[in-house]
Amino acid sequence: MRLFISCAMLLITVGCQSQATLVQSDKLRVREPLPLETVRDDFAAAQTIDSELQLGFFHAAWVDDYSANGVIDARSAELLGALRDEVAQSSWGQPGRRAFREGRWLVVFQNEDVIQQIRPWLTEYANRQLASSTMIMAEMKVFGAEGEDLISRQTPGKRVAMSDEAVAELLEQENVTILSAPKLSVHSGQRGSIQVINQQAYVSGYDVFYLDGEGIAEPRIDVLQSGLVIELQPRVEEDGTISTQLDATVSELLEMKSEEQRLVGDTTVTREIPIMRTNEIATTLRAASGAWTLIGPLGNGPEYVLIRLRTVEPKKLSR
């Protein structure tokens, strides 16, 4: 049997490498899967009571962005109470009609007319909530600094406070190279993430099949991501300071190994195996609005992050 190796996809994608900086607030993050299986039986039971009921899912992660001290439960209860009071109030007492939280989703058993009213109402409700909250700007400078460590690896939390003058002096040093300077705006208590990533395509294996009697080996292309991911959830405290839990993950490609694989007969192909190293830093910050904090080193390399959190005017959500 002859075996042909398909190269079309291989020539296009392998060796393709790109870098991107992704800034995400919670409304931009990949949404959790719909909890369809979780609610299916309950909805089927409700439909036996009222055949006109429809099942609705609404993304409402902004309600419970801050998850400390039972705030999730309080905000969810407030949301559900407002929904029942302000949207088709008299309908909620009818058998089978429900609204409840399931993960980050608002789940509704209602008729179609009421379900159509909920989306615009949620936007209006969110804007009312956000108008009374504070927006926080997170400004970061990711940089490399060759030479001596700027922070001792034994420093608790791997962080130190810095003045504006000290930051300006640091960034002017010849051994410092700024790699990225992303910004992120979130409301107090809202989650957000910043990703400075490299993407590289590689051949992870082959699919073998027959086409018109001829054997074909189609390369499987996977995309490797390496770089820095920072997740944070800033919150304005009662004294006006800003606190956040900050989690940083640094992944580095150490080596791309090649391995020969025998497919059929004497035909061999080469697949690639990435060897990665991942390091994580988890720390808690609390500082005055506008103050800089230096965090690092990140992983085993000479990379650091300067971060400044400050309050700004909030923006409304669009319908």
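Tutor: Strand 16 gives the most to the lining of the largest cavity, with three residues. Strands here are DSSP runs of E with at least two residues, and helices are runs of H or I with at least four, both numbered from the N terminus. Bear in mind that this is a predicted model, where local features need pLDDT of at least 70 and side-chain atom pairs count only at pLDDT 80 or more, while totals for chains, interfaces and linings use all residues. Residues are numbered from 1 along each chain as its sequence is written, and side-chain values use heavy atoms, with hydrogens and water left out.

Now the cavity itself. On a 1 Å grid over the protein atoms alone, a cavity is a set of points where a 1.4 Å probe fits but cannot get out, whereas a pocket is an open set with protein on both sides within 12 Å along at least five of seven lines; a lining residue has an atom within 4 Å of a point. Searching the whole structure turns up one cavity of 30 Å³ or more. The largest cavity holds about 50 Å³ of space, where a volume is the space filled by probe spheres set on grid points joined across faces, edges and corners. Two elements give two or more residues to its lining: strand 14 (268-287) and strand 16 (303-312). By class, that makes seven nonpolar, one polar and one charged residues, counting Ala, Val, Leu, Ile, Met, Phe, Trp, Tyr, Cys and Pro as nonpolar, Asp, Glu, Lys and Arg as charged, and the others, Gly among them, as polar.

Strand 14 also turns up in an open site. The second largest pocket has a volume of about 360 Å³. Of the 20 residues lining this pocket, the closest to its centre are Gly227, Leu228, Val250, Ser251 and Glu303. Strand 10 (192-211), strand 11 (214-232), strand 13 (242-262) and strand 14 each give two or more residues to the pocket lining, and strand 13 gives the most, with four.
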